[in-house]
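Hi there,

Here is the two-chain file I promised you. Have a look at it first, and then read on for my notes.

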Amino acid sequence: MSEQASWKFTPTHFALGVLLILAIAAPLAFGSYHHYLASLCLINIIIAIGLNLLTGNAGQISICHSSFMAIGAYGTTYLVSKVGLSFWVALPMGGIIAAMFGLALGFPALRLRGFYLAVVTLGFLEMSQLLITELPSITGGVRGMPASRPALFGYTLASDLSFYYVILAITLLAIWCAYSIINSPTGRAFDAIRNSESVAQTLAMPLSRVKLIAFMLAAFFAGIGGGLFASLVGFIDPLEFGLWTSVRYIIIIVVGGLGSIVGSVVGAVALTVLPELLRDFKEYNELVFGVLLLAFLILIPHGLVSVVPRIRQRLSGKTNSQPAISKHGAGV
Amino acid sequence: MSYFTIDNLVVTFGGLRAVANVSLALGKGEIHGLIGPNGAGKTTLINAVSGLIPHQDGRIVIDGQPVHQMLAHKRAEAGIGRTFQHAETFADQTVITNLVAGGFAHRTSTVLQDVLGTPGKFAAERKAFAEADKMLDIFNLRALRDVPTGDLPFGTLKKIDLARALLAQPRILMLDEPTSGMNSSEAQEVITACKRIAGELGVTLLIIEHNMRVIMGLAQMIHVLDHGEKIAQGTPQEVQRDPLVIEAYLGHGSATHA
């Protein structure tokens with residue numbers, strides 16, 4: 001029963017390999033602006049993966065994902081610029097601080113569901129915004145705070161290309177962790193409590209603990225993403241982490257596919273690149289964005305991730321069978 | 001002292017006593033039936049024993065270990081398992097994923113291992129899936145392994161629910177109408193499975209069942225509830241002749257005509 005014995009090279013592995021090679025090689029053919037945009041895609045992937053674990057898998061709605069991103073961004077930047085820590089120490093610490101706040105938010109959230117949870121997380125978002133503006137000695141207040149690029153082996157990652165590769169490595173690590181979580185007892189407990197808290201409990205799943213873990217993980221991913229974001233952009237202010245940012249990540253996971261890592265990836269790339277493509281519409285770009293979003297949700301309600309199996313099904317000539325995808329079955 | 005005892009259990013909803021001082025005693029590996037008209041409090045009793053709803057009074061003890069003050073997941077860890085009247089499978093997940101969730105109580109990886117994806121975690125994962133795959137074969141579900149359960153007929157869902165509960169390796173298993181929605185061959189399959197679960201694995205079974213033929217052939221002892229109270233207990237033959245039971249089922253005055 002060794003893994004080697006059951007491991008086969010499937011078209012999925014081939015596709016993943018091609019994607020990885022593209023992610024490494026393609027940027028060489030493009031300029032700095034595209035490297036910056038690609039890095040933004042990767043950061044959004046990390047942050048979306050965290051939210052998808054919490055909302056898509058564990059079924060807990062959160063409108064304050066941008067707050068955890070902010071905590072990671074400000075925490076990492078503060079630790080680097082004011083405390084003088086290395087970025088590589090400060091970044092995981094920023095993630096851990098965000099996770100601690102996730103834990104703190106998790107406790108009141110244990111007793112709440114649905115709309116009530118949404119309202120509490122909205123309150124948390126407002127509070128975090130207020131704290132950022134009211135603590136200018138730490139955060140720079142409304143005027144914002146500059147952040148710097150880290151150095152690696154004595155070489156500052158000033159170019160967008162070099163920083164892109166670092167972010168790519170961290171993104172791959174994040175994807176690996178999320179893949180492992182989803183295919184583990186912890187991930188199954190997330191899926192179980194989303195489906196039925198009663199059943200989950202009778203299968204020995206500790207409800208409170210599982211929810212707190214989900215909140216902490218989501219906050220950690222967002223915190224890491226926030227720390228990278230600050231360093232990539234070079235400047236952070238409270239407006240970056242407002243309600244719209246939280247809503248954008250919710251849109252990303254819904255458009256991509258709830259409970260699916262591929263969904264997080266596809267959704268993050270689409271929602272990062274699309275606004276750039278819509279720049280040609282100038283003042284109408286938000287209108288076009290809104291129309292596309294509506295059209296999308298009507299046409300592909302189960303997310304972009306559901307498209308591939310549906311096409312494959314069409315090609316194989318099966319007309320009447322299971323709905324194209326169990327959105328949580330794939331585990332990838 | 002029996003292996004599994006429920007002692008003077010009381011569950012009230014507002015002013016209504018849904019379960020009123022009910023006591024049951026089951027020996028290890030025994031199969032007991034729990035019957036009664038609709039609204040008698042059978043499912044309420046199971047819900048209270050598994051910890052999903054609070055009880056107001058009474059004791060629940062497995063093999064000398066009191067569990068009535070534990071949270072639901074702790075009771076599951078202590079060996080109380082159950083199935084659900086409406087199967088409650090995870091509709092958007094495949095059959096095999098549903099079953100593997102049942103093995104949660106016996107997970108060997110820690111949360112940190114789950115997050116980091118260590119080799120030990122993946123080894124544990126393969127073991128969990130191997131056990132679930134074995135259960136697929138026992139319940140003839142192999143062909144449906146990777147089908148989402150939302151599309152399956154109710155009788156199949158009941159089997160999945162039972163298989164999932166068994167993977168938690170319970171000491172006491174409470175089954176809520178295990179053969180409802182099944183055709184007679186499926187029902188026979190479940191009856192055979194129940195006998196094996198009790199006989200070979202030594203699991204104690206408490207079965208709610210509306211199909212009298214099923215429960216009379218399966219249980220060695222039957223407890224009858226009516227309006228939250230236990231009105232009779234005995235072997236299938238004794239219970240069938242009990243005038244109180246006949247009255248509860250057929251209405252007042254029927255006993256004299258029976």
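How much area do chain B and chain A bury between them, and what share of it is on carbon and sulfur atoms? The answer is about 3100 Å², with 63% on carbon and sulfur. Please keep in mind that this is a predicted model.

Let me stay with the interface for a moment. Chain B contributes 38 residues to the contact and chain A contributes 33 residues. The rule picks out 12 residue pairs in polar contact across the interface, both partners being at pLDDT 80 or more. On the side of chain B that touches chain A, at least two residues each come from helix 2 (72-77), strand 6 (80-82), helix 3 (95-102), helix 4 (111-116) and helix 5 (119-138) of chain B. Helix 5 of chain B gives the largest share, 6 residues. By type, that side of chain B has 19 nonpolar, 8 polar and 11 charged residues. There are also 2 salt bridges between chain B and chain A. In one of them, Asp92(B) pairs with Arg194(A), and their closest N and O atoms are 2.8 Å apart.

Now the chains one by one. Chain B has 11 helices and 10 strands. Its radius of gyration is 19 Å, close to the 18 Å from the globule rule for 258 residues, so chain B is as compact as a globular protein of that length. The C-alpha trace of chain B spans about 70 × 40 × 35 Å along its principal axes, and 55% of the 258 residues of chain B count as buried. Of the contacts in chain B with a separation of 6 or more, 66% are between residues 24 or more positions apart.

Chain A has 15 helices and 4 strands. For its 332 residues the globule rule gives 20 Å, and the radius of gyration of chain A is close to that at 20 Å, so this chain too is as compact as a globular protein of its length. The box around the C-alpha atoms of chain A is roughly 60 × 50 × 50 Å along the principal axes. Of the 332 residues of chain A, 48% count as buried.

A few side chains may interest you as well. Over all chains, the salt bridge count is 16. Within chain A, Glu197(A) and Lys211(A) form one at 3.0 Å, N to O. Glu197(A) sits in helix 10 (residues 197-202) and Lys211(A) in helix 11 (residues 207-233) of chain A, so the pair ties together parts 14 residues apart in sequence. Both Glu197(A) and Lys211(A) are buried.

In chain B, Lys159(B) and Glu189(B) form a salt bridge, with closest N and O atoms 3.0 Å apart. This pair links helix 6 (residues 154-167) to helix 7 (residues 184-199) of chain B, 30 residues apart. Lys159(B) is buried at 5% relative accessible area, whereas Glu189(B) counts as partly exposed at 25%. A network of salt bridges links Asp133(B), Asp137(B), Arg142(B), Arg145(B) and Asp146(B).

Finally, take a look at His223(B), in strand 9 (residues 221-226) of chain B. His223(B) is buried, with a relative accessible area of 0%. Its side chain makes a polar contact of 2.9 Å with the side chain of His32(B). Beyond four places in sequence, the residues that His223(B) touches include Leu24(B), Gly33(B) and Gln233(B).

Best wishes

Technical notes. Residues numbered from 1 in each chain as written. Chains lettered and ligands numbered in written order. Heavy atoms only, no water. Contact = heavy atoms within 4.5 Å. Buried area = accessible area lost by both parts, 1.4 Å probe. Salt bridge = Lys/Arg side-chain N within 4 Å of Asp/Glu carboxyl O. Polar contact = N/O pair within 3.5 Å; in protein donor to acceptor, adjacent residues only side chain to side chain. Nonpolar A, V, L, I, M, F, W, Y, C, P; charged D, E, K, R; others polar. Rg over C-alpha atoms; globule rule 2.2 N^0.38 Å. Buried < 20%, exposed > 50% of the residue type's maximum accessible area, 1.4 Å probe, protein only.
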